[in-house]
Each structure stands twice: as structure tokens, then as C-alpha cells.
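Student: I would like to learn how to read the features of a protein model with care. Could we take the features in turn, with the general idea before the particular case?

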Amino acid sequence: MFPPVLFHLPCGLFIYRNSKPKFPINTSPSQPLLKMGKYLTNLIFPWKVSASRQDKMNTHTFSLLLLLFLKGFLPADSISPNEAKLKKTKLPKIKKENHVLLLKTSNFDRALKETKYLLVKFYVTLSQSSQNLSEEFAEAARQLKKEAPTIQFGKMDVTHQHDLRKEFNIQAFPTVKFFVNGSREDPIDCKGVRKASTFITWVKRRTGPSTALINSTDQAEAIIKADDLAVIGFFRELHNDSLEVFCETAKDVPEMPFGLTASENVCASYGIQRNSLVVFKKGKPVHTEVLEDGSQDKLSLTRLIKTFTLDLVTEYNIETSVKIFDVPVENHILLFTPMNSETFSEIYENYQSAATEFRGKILFVLVDTDETRNGRIFEYFRIRDIDVPAVRILNLTSDAKYKMPADEVTVENLKEFCQNYLNGKAKQHLSSEEIPQDWDKKPVKVLVGKNFNSIIFNKTMTVFVMFYAPWSHECRKLLLIWDKLGEQYESRKDIMIAKIDVTANDILSVALDRYPFFTLFPAGPDFQEVAYTGEYTLEAFSEFLEEQSKTKAEPGEKDPSEGIKEDFSQKETVIREKEL
């Protein structure tokens, strides 16, 4: 005979004995617990016992059953709200695609909390660069899946997530950022990394040692010969500021192996007597940088080391263009010259000689003017056939251009030009077309660099300007609509419709955007230009102009039809001073 079994159902307790169900027991609170306890005791222990023993058994059994009843057979509605909430909020795992988490705004914070290290690729759907990176990014995630499970890879489409792009300062695509310990504050930028092996090295150096400790010459040789480029730090001791800067630099240069040593024997083997950084290329030392405490910083060392991924002078072409912009040197000097000319060898030798002195400070680039695929870069720098050989410096941060004053490309002229630029003495070069004689004869006025500020910065007339590039198909289509807008407002004395070719004219006063773009310059000395963001239709342009005219209108202002006065605002005067 088997003991009875109790089953708790929403309707009450059912007693099973010998695998046969007995009658149910009403478990409503109105039934006395003592009566229920005795009733259950008689069912479970039906054999005859003495009266005294029966009383003891009833007491113990009742206590046991009461405890079981209160603890294990509580009705479902007695579960606490917190317990019920935990059951309801149990979420499924975040989906993955090729070992990469599929992130969105609704699960991003959760992914951060669940992951110690999270490397995220922010992309837009139409970006070819984003698509090109996907395969390598996924391969890195696959390789690290078992080796480093605390490191996760994720991707998020931010095509329409403008708030997120602003929060993380995402300005180019794709952008890769590294989040640590669930925090979305100050993620680490992962720049210039495009290969799976480099992604793996980058995250490993962020989550573990950034360099290998070398104790023997054999270990040093193994690192030097592991790749085309290698960097070894030689130190007199393992505790100094220079060593810390060296280790931090290694985190930002995953393209090559890094090692460090404080072994006297190893230092002696390579003839190193002071704290130094040595760059090896194909097994041979190509650069030695003495490291003194406080004299170097991480950025300057990173710039210096990464320049060795390129030649001393790098020819600009489709293959090298990406590598050139990966090196974190913001100053580029470009030599425009035909490589098949008789004077090329002499010019190139002078150019290369000057480059040695400015490695890590200015990146030296060669542009072959005989290569038709370089046409866009000629347009950007306004280089014509009669100008070559020509030398220009470009600051990538400010987009400012500088022209070498001397026409002859000699070592002395190049060095003087570069040094004056670094010292802030070089004069910025601003290109401008000549002012056409009939610039104001048509409904749409023609602006160039030389008359731009004098026209748009005035007190009596609002100027609506189209900034265009003549080679753009979209710009050419919109110029037809722009002409119609000019005709519509030709009779207005308070509004001017104008256009400017930004590929032929440098403008300091306006932040350039993707072509075409449109900006309204309201009349008055205290105006603030308004960027147009509406549709590119005649009706939308006209509606925008009317709305802005009403907004700027003030009671008691003079009739704008009295004519235009050549009166420069304070802002325009400041800009003109910068150009001089």
C-alpha cells in the first residue's frame, strides 16, 4: 500500500491513494484548519493506533501538513507582485547574425548590462563602406566567440537614429566604438581597423596586456620577424612614465606586434643605452625614437609609428587613399607633378629628402597629374595643367589649404614651407574665380570668392544662395529650378537669388555641406544664416522664402525697395581680415 499523494489544483486539494483518486477537499479559508488536519491524518494514516498515540500523531501530522500546505500548496494568487513581475520580464536572448548581436534602441542598454566588453559597429544602410566592413567584423566575432566569451560584437543601424548619432558623436560610417562594463559614457573609438585579425588584436590589447614582455634576444627576434613591421620598447626599468605612454600607444596601433624589455642583455644586443622605441621593418631597424619622461605623448607616438605603414612618400591612388587617411596625421603635403616628365626624378628626390625631417608631423603625398582617375583631387585643390609642379598643404581638421610661395621644388623651399606652416606663419590659400562682368544681369546672380562677402553681408537685402558643383548631376538638374526661382523674385528689391560654384571658390564664412546645399542670409547687421532643409521644389523654396521674410519683418522698418547699399556687417569685416 503506497502513501497518498496530494495534488494542488486551482479548485482545491485532491487526494490520490493507491493510484486512485479520492474525493476533493475544499481549501477555502472558511474551513477550520484543525478539522482539515485531522481529516487528512485519517486519510493518510488509516490504521488503528492507541488513543494517546493517536493524539500525538494528530498533533505532529497536523503541524507537518499545515507547514506543507502553507509553504508548498499556496494558491497561485498568493505569489508576490515582485515574483510575478520577474517571471513576466524574463526576456529572450538578443538575436545574432553571423555571431554579431543585432542591436537597436530598445535592447541597447540591455546588451550593455549583459556584456562586460561590447564592440559596436554603427552603420547606415546605404553606406558601401559599412557593407565592406561587415564580413571582417563578423569573422573577428566568430574567432573570439570561444577564446574570449566576455567580449561581444554588435551592430546597429543608425540611419534614422539622429539622437544616438549625436550622443556618440558619430559623423562617419561605419563608426566602431568599444563599451566597457555596461557604461554608455565615453566609449573608446576604434579607428582605422578593417581586418578581422586587427579587430581581434585591438580588443585583446584593450582587455589584457597591450605588449609582450621580452626577457631574451630570442623572444625579441620572434616579435621582430612576426610581421613586416614591429615595435620594441627598450627601457632601463619597468616603472616609468615613458613605459606607460608606450603601452597606451600599443593599444591604438593593432596593425603591428609590440614588445618591451628592461633586460640589460637584450638592450645591449641591439646597442640601446637609453629608453627608446625602435621600429623594425622586415627585420631591420628603420627608426629609433628616444623616450624621455614627459617629452612624448600617446598621440604623437601613434602618429609617428603609423606613418611606417606607408612609404616615406606615398603615391595617391585608389589602393593607398584609404591607408593615407587611416594614419592619424592631420597635416598632408601634396606634390602635383607628371611622373613621366624629364624633371620628375630630381623633384621626387628633393621631396623625399624633405619628408624625412617631418615624419609624424606632415604626411608627404605624391599625385601623378597624368593619371586621369585623379581628376577629382585636381578639382578640389584647383590645380590646372599650367600650375604643375605644384605643392599644397591641407589641414584635414579645418580643411584649410596652403600654397607653397616658391615655384621651384627644392629641398630648402619645401623645408621652409613646412616649418612656416607648423609655426603658424603660412598664409592660407583661397581660390576665387574672377567676378563676371554680367554677374548681376540675370535673375540668378553669380557669386565668386571675391564678391561673396560683399553681397551676402548687407543690411537691406536677404540673399538666398545655392552652393553647387558643376560636375554633380543633381546640381545640374536643380539649377533649372533655381533659375525659375530667380525669375519669380526678380522684381523684389529685398530678396536676391544667387549661386556659387564651390569647386572653384573657397569660402571661409560658410561651413560647407554635401553638394548641393542652400543657405539664406537675412538682411541686417545681427542676422544669423539659415540652412535650408526642405524639399528641392520651386514651391518649397518659395514657401521657405516667404516664411523667412515674415519672420524677419519688423514694425517701422524702411522700405527695402530704396536700393542696396554696400555696407559690410561686423562679421563680414572680420572674415575679410582673415583672408588678408
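**Reading the model feature by feature**

Tutor: Let us begin with a strand pair, in which strand S11 (residues 229–234) and strand S13 (residues 276–281) run antiparallel to each other and are joined over six bridges. Please keep in mind throughout that this is a predicted model.

Student: What holds strands of a sheet together, in general terms?

Tutor: Strands of a sheet pair through backbone hydrogen bonds, and the pairing may be either parallel or antiparallel.

Student: In what order do the strands of the open sheet come?

Tutor: The open sheet has five strands in the order S10-S12-S11-S13-S14, and their pairing is mixed. Its edges are strand S10 (212–213) and strand S14 (284–290), each of which pairs on one side only.

Student: Which helix lies across S10, S11, strand S12 (258–261) and S13?

Tutor: That is helix H8 (residues 217–224), which runs at about 145 degrees to S11.

Student: How are Arg 142 and Glu 139 placed in helix H5 (residues 128–147)?

Tutor: Arg 142 and Glu 139 are three residues apart in H5, so about one helical turn separates them. Arg 142 is partly exposed at 42% relative accessibility, and Glu 139 is likewise partly exposed, with a relative accessible area of 27%.

Student: Which parts does the salt bridge between Lys 450 and Glu 434 tie together?

Tutor: In that salt bridge the closest N and O atoms of Lys 450 and Glu 434 are 2.7 Å apart. Because Lys 450 lies in the loop between strand S20 (444–447) and helix H16 (452–456), while Glu 434 lies in the loop between helix H15 (411–422) and S20, the pair ties together parts that are 16 residues apart in sequence. Lys 450 counts as partly exposed at 46% relative accessibility, whereas Glu 434, at 56%, counts as exposed. Elsewhere, salt bridges that share partners join Asp 109, Glu 167 and Arg 184 into one network.

Student: Now the backbone: what should I expect of phi and of peptide bonds?

Tutor: Most residues other than glycine have a negative phi, and most peptide bonds are trans. Against that background, the peptide bond from Phe 173 to Pro 174 is cis, with omega near -5 degrees, and Pro 174 is found in the loop between helix H6 (162–167) and strand S8 (175–180). The peptide bond from Val 388 to Pro 389 is also cis, with omega near -5 degrees, and Pro 389 belongs to the loop between helix H14 (375–381) and strand S18 (390–395).

Student: Is Arg 382, with its positive phi, buried or exposed?

Tutor: Arg 382 is not a glycine, yet has a positive phi of about 55 degrees, and its place is in the loop between H14 and S18. With a relative accessible area of 17%, Arg 382 is buried, because the cut-off for that word is under 20%. Asp 399, which is not a glycine either, has a positive phi of about 65 degrees; Asp 399 sits in the loop between S18 and strand S19 (401–403) and is partly exposed at 34% relative accessibility.

Key: Residues numbered from 1 in each chain as written. Predicted model: local features only at pLDDT ≥ 70, side-chain atom pairs only at ≥ 80, totals over all residues. Heavy atoms only, no water. Helix = DSSP H or I, 4+ residues; strand = E, 2+ residues; numbered from the N terminus. Buried < 20%, exposed > 50% of the residue type's maximum accessible area, 1.4 Å probe, protein only. Salt bridge = Lys/Arg side-chain N within 4 Å of Asp/Glu carboxyl O. Pairing = 2+ DSSP bridges. Contact = heavy atoms within 4.5 Å. Axes fitted to C-alpha atoms, helices over the stretch in contact; angles between N-to-C directions.
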